[in-house]
Amino acid sequence: MKNLFAATLIAVATATTALVSAPVIAAEKPTVALSNAFLGNAWRRSMITAFEEAATKAEADGLIASFQVSNAPGENSATEQIAQLKALLLDEPDILLVNPASPTALNPTLQQACDMGIVVAVFDSSTDLECVHIVTNSFGDWARLSTQAVIDGIGGKGNVIIARGVQGSPPEIEMYGVQTELLKANPDVKVVGEFFTFCDSAKAQEALLGTIASLPEVDGVIGCGEGLGAVQAFQTAGRDVPVVAFAPSGRALKFWGEGNGAPGSVAVMSDPGQGVAALFTAINIHNGQDVPRITIFPPVVVSDEARDQWIAAVGDDEIASWQWTQELVDAQLKANIDGTVADAALPPVPVR
Amino acid sequence: MIKVRNHAIPPWTWSFLAAVVVLVLTYIVSGRGGSQTITLAFTVAPYLVLVGLGQMLVMSAGPGNIDVSVAKVFSLGGLIAIAVGDVTGSWILGLGAAVGAGFAMASISVIAILYVRIPPIVATLATSLIASAISLTLAKGFQGSPDPMLKGFLNWAPLGIPAFAIMVLLFTLLVSVFLKRTIWGSQMLAVGQARRAAEYAGVNAKKTMVFVYLTCGVLAALAGALRASFSAPNVELGNDYLLDSIAVVVIGGTLMTGGRAVPAGVWGGALFFILLDGLLNLIGWSYAGQNVLKGFLVLAVLFLASGAPILGQRASPDPAKDEDVAEPEVKPLS
Amino acid sequence: MSTATLDQTRLSLPKGLARRVLPGFLTLIAMMLILLVCGTIQPRIWSQNGLTLIMSPIVALAIASMAQMVMMSIGDIDLGIGFFVGMITTIVATLLRDTPILGLLALAGSVLAYALLGALVQLRSVPSLIATLGASFVWLGMGLFVLPVPGGMAPDWLFKYAFWKPPLSIPAPLVTMVVATAVTWFVTRRTGLGVRFRSLGSNPVALVRSGGSLVITRMLAYAVVGVLGVLAGITLTAEIGGGDVNAVPGYTLTTVAAVILGGGMFTGGRAVAWGTLAGAITLGLLTVLLTLLSLSPNLQPAVQGFIVIAVLAGRLVVERMTR
């Protein structure tokens, strides 16, 4: 009985694969579907905006046949995204780009997509699933850049708070590992507090207001983009403002530009343009190019000097993103294959 | 209404007691803090108190009444206030626009509850979805920053006493007087205790419902507008305020079954929650441990603060159940 | 025309039955409509594979809604079911896979915890809403202890279930949902236990006079909720292939909406298993519908809200007409 079912399953799977892969062999322009888990925060909105711009252009340029963006309802719910993905699978797109709600929960569904012969690329996350390509930022680099900046900003010694990201998410764990490693290398920097702020400015503000009075002098806040709320909390409490890591949103950059945040602060975040990078990467895979399973793209870093240039290009409630083009992605992919990611040229600061 | 109470201890005692215990623990753990811990708690608490007061009015209007849209209306109020304030250059107009938005959102709930006769939890859930759609649309290409003057006021704490907290305290007092001393207030609680009986006594229950939901919506939007002015507007700004507002109201001693509103308890509950979060962060417990402890503490406060005596039989079934008996729609038991 | 015939059939039914069945029936029609619209946009739905695809994410929601239905039939509301189901997935994906006996004990312990929660609610007259809300923090914390990061692996037998294709091209998710609903229906409407649950919701005084214990009845009801929550967690593990305590916090409110759509009431006394199933499928299919319509993403929540209001408003209109 069981074998019979398995046989039917395989038969069905191969049938659908054959059906779908026929046009692939003919190297027709692919149809693209983007599945996004939710739209509730500025990062995801910036990601979608960047993607829609780039995909519209790619469609006009004849790189893709059509594209569809789908945001699951609810608050970053894995089950809603599974339902959404399954509805998308019925459309049998050639390329499926996924910004997942959970690093593992979508695996059975994504496996089904792979079985149907769809090119699946997951971005802004990771997954163990072998058949899926991963396009992501190096969260380790993000943590290294922002932590090192804060440590340098406080002159290599003093008290710091660690504001941690989304509890239980793989990026957070990777970043925390890098942070603790860097702190070990700087024994003069003392950690006086450690909270989960979910990289969210308002949450960081509340967490800090609740504890600040019980903390000694704080020179720096090591975190992942909650600088705005952290600085505001210190201002409310009438304390000296620490060195922080801002999010590269228009609002935070302006706030920073107005002289808030101790000198040496920085703005770093993973790039909302990853969706675009994933699009061009997946097009290359679809066209038969050999691409490593995991490709790393650089996070967005805004330094003191480039800040004003970025402010002009980013809306208040938007996160700065790299504007990837096919050439830039190709260069980045080559750097990934050659192992020279660290030296690869960054895209130019966008101009609006 | 309030006199029916059979204890000598006022119902808000437990929440304040819990807050004080947490405060003392905070001092013991950190060995520092002084009065600033309290000052900062009072800086953050008013927003939650405003939402909580609205939620309290809704909950005390009878069993099943709850507003689950406060979180999204809160965020919407914040976005609208900042956007309008930025365009017009006046934070007063901004706050006015937020109040208007809260009123409009609550009107949807009211129409759905009274005229489409949808149960409040589902009606306000639908409102919450609509508010969230508007917020998302607004957030796209959003421009604007909080007014510096209003922000300055919200941060202003002469002699360590936050001025805004004093305003909200006065407002709480006003609500308290309204509930205890005015006919409207007593009618509202009468509806909460036994809607049918109140209606026979000539109280317009519909009017009460309209009043409590509109007030709740307006307060949530206003709190959101102020909270956004305090830091920055954000689609997710209100997310934590739904569960927290319900929790602080009940911990404060308001009966979920309606008919007893305890405005002072909302302050106690809010301070307890805020201080507890601070303490848990301070101890550096894992997030998992924090949640387990928070859950058990809420259950423990409930265990102590609930109406029934700790030992002995439950005197009579809930008022809620009494009302069910009065409801003609209850089918015979098969 | 059709409404006229509907009128007659309704009038010939006893009023109580009509009131109980009608809402769920209308939701069933809404569900069919949504399915038809989805099927028109995307005809590939009309196959065993297609139906399995769109139905399988709904199974856990349907069973969790059954749990909420039992809760609401005794006049309580569960605001912790979302994290409870999430916590169960973490247990299933770790303990139950590696050390089945320990896993089973943990699952039994979860059910026991629910029963104790029921005792707290009854003995201390604590409102269920806030007690379950408090408990939800505990479930979240426990889930994080078991599995701090989403992961783990569903037991093999669950994977086999996930790939199960019943004969006669019946979609497997439908089988699971119908069986779960039938069992819940039987327990709540055809057993003495179900009668006691419902009288606890509608008329606790009568329950005491007839010799029933309020505490034991409430504990049993909560235990049934716990068992259904565990089942929902197991089916969810099959769907997500592992454990994740944060997988479904949204279930808390969605399940309440499903019960209301199915004809349940907050005041207790009503057990509407089949209606709840229709409600859960309707809400689950909304995601599919919204995806297929490819609406502006910002408007999606509003459309969801309006559809819920519309279904309930439609019920009001029909109720008025049948009076």
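Predicted model: local features only at pLDDT ≥ 70, side-chain atom pairs only at ≥ 80, totals over all residues.
# Notebook: chains A, B and C

I began with chains C and B, where 61 residues of chain C are in contact with 54 residues of chain B.

**Entry 1, C against B.** I looked up how much area goes away here. Chain C and chain B bury about 5,000 Å² between them, and 73% of that is on carbon and sulfur atoms. Which residues of chain C lose the most area to chain B? I found R124(C), F137(C) and N298(C), which together make up 15% of what the chain C side buries.

I noted the crossing of the two as left-handed. From α11(B), I listed L243(B), I246(B), A247(B) and V250(B), and these meet L129(C), I130(C) and L133(C) of α8(C). What classes of residue make this contact? I got seven nonpolar residues, with no polar and no charged ones.

Next I turned to chains B and A. Their contact takes 35 residues from chain B and 37 residues from chain A. The two bury about 3,000 Å² between them, with 51% of it on carbon and sulfur atoms.

How is chain A divided? I have domain 1 as 2–131 + 272–298 + 321–343, and domain 2 as 139–269. Taken over C-alpha atoms, the centres of these two domains of chain A are separated by 33 Å.

Last, I checked helix α5 (residues 139–153) and helix α6 (residues 170–185), both of chain A. Their axes are 8 Å apart and the packing angle is about 40 degrees, which means α5(A) is oblique to α6(A). I have this crossing down as right-handed. Among the residues making the contact are F139(A), W142(A), R144(A) and I151(A) of α5(A), along with P171(A), E174(A), M175(A) and L182(A) of α6(A). By class, I wrote down nine nonpolar, four polar and two charged residues for the contact of α5(A) with α6(A).

Definitions and conventions:
Residues numbered from 1 in each chain as written. Chains lettered and ligands numbered in written order. Heavy atoms only, no water. Axes fitted to C-alpha atoms, helices over the stretch in contact; angles between N-to-C directions. Helix = DSSP H or I, 4+ residues; strand = E, 2+ residues; numbered from the N terminus. Parallel < 35°, antiparallel > 145°, perpendicular 65-115°, else oblique. Left-handed = near helix turned anticlockwise from the far one by under 90°. Contact = heavy atoms within 4.5 Å. Nonpolar A, V, L, I, M, F, W, Y, C, P; charged D, E, K, R; others polar. Domains from an automatic or database assignment. Buried area = accessible area lost by both parts, 1.4 Å probe.
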